Amino acid sequence: LLFACESTESLLGDTGDYENLLNSSPEENELVPIDGQWSVSNPQSVSDACGVNSYQDVTEMVPAKFAVKNGTLSSFNTDDTSCEIGNGGAFVCKETHIEDTALSGTATLNIKSVMRGTVVATDNMDLGFDVIIKSCDGAGCVFIEMALNFPCPVTLSAVGDI
């Protein structure tokens with residue numbers, strides 16, 4: 001397992017980097033996502049600069065479901081974060097931090113994730129996930145660090161519906 005990853009320290013910063021996404025459409029948002037349990041389907045890798053998919057299925061980094069709570073024209077909450085809806089239904093959620101085990105539990109990957117997308121209908125969203133594997137903890141990291149340079153970005157897309 002040998003992979004190379006360019007340094008991408010500034011690829012994804014704070015969610016403020018997404019200001020252009022929220023202001024990109026001149027149309028006003030008229031869609032409020034329905035509160036409830038949303039399913040995530042059809043996850044696909046958009047970019048994987050480090051080749052993470054060679055040792056772990058990157059589509060597993062996309063949640064199978066998430067809850068939408070307190071949906072309004074300008075925001076909604078999920079189980080883990082809050083999301084701001086901008087013009088044209090474009091939204092960006094505040095970053096979350098998770099840990100994921102790898103190599104039979106001998107390594108723990110420290111991951112930063114930002115969910116973004118567009119509310120297409122009250123019951124449908126186009127989703128994007130910007131995931132950065134920031135670091136690794138554990139004995140198995142010796143093998144992972146031979147293959148990957150951190151931080152390591154992965155971008156995924158999916159569909160959300162209720």
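**Disulfides and a buried serine**

The C136–C141 link is left-handed, with -80 degrees about its S-S bond. This is a predicted model. The disulfide count comes to three.

**C136 and C141**
- The sulfur atoms of this disulfide sit 2.0 Å apart.
- C136 has a relative accessible area of 10%. Buried means under 20%, so C136 counts as buried.
- C141 is buried too, at 3% relative accessibility.

**C83 and C93**
- C83 and C93 are joined by a disulfide, with an S to S distance of 2.0 Å.
- C83 belongs to strand β4 (residues 82–85) and C93 to strand β5 (residues 90–93), so the bond ties together parts 10 residues apart in sequence.
- This link is right-handed, with 95 degrees about the S-S bond.
- C83 is buried, its relative accessible area being 3%.
- C93 is buried as well, at 1%.

**C50 and C152**
- A disulfide connects C50 with C152, and their sulfur atoms are 1.9 Å apart.
- The bond links distant parts of the chain, 102 residues apart.
- C50 lies in the loop between β1 (36–48) and β2 (65–68), while C152 lies in strand β9 (residues 152–161).
- Both C50 and C152 are buried.

**S113**
- Strand β7 (residues 107–121) contains S113.
- S113 counts as buried because its relative accessibility is 11%, and the cut-off is under 20%.
- Leaving aside residues up to four places away in sequence, S113 touches E95, T96, F129, D130 and V131.

Methods: Residues numbered from 1 in each chain as written. Predicted model: local features only at pLDDT ≥ 70, side-chain atom pairs only at ≥ 80, totals over all residues. Heavy atoms only, no water. Helix = DSSP H or I, 4+ residues; strand = E, 2+ residues; numbered from the N terminus. Buried < 20%, exposed > 50% of the residue type's maximum accessible area, 1.4 Å probe, protein only. Contact = heavy atoms within 4.5 Å. Disulfide = S-S within 2.5 Å.
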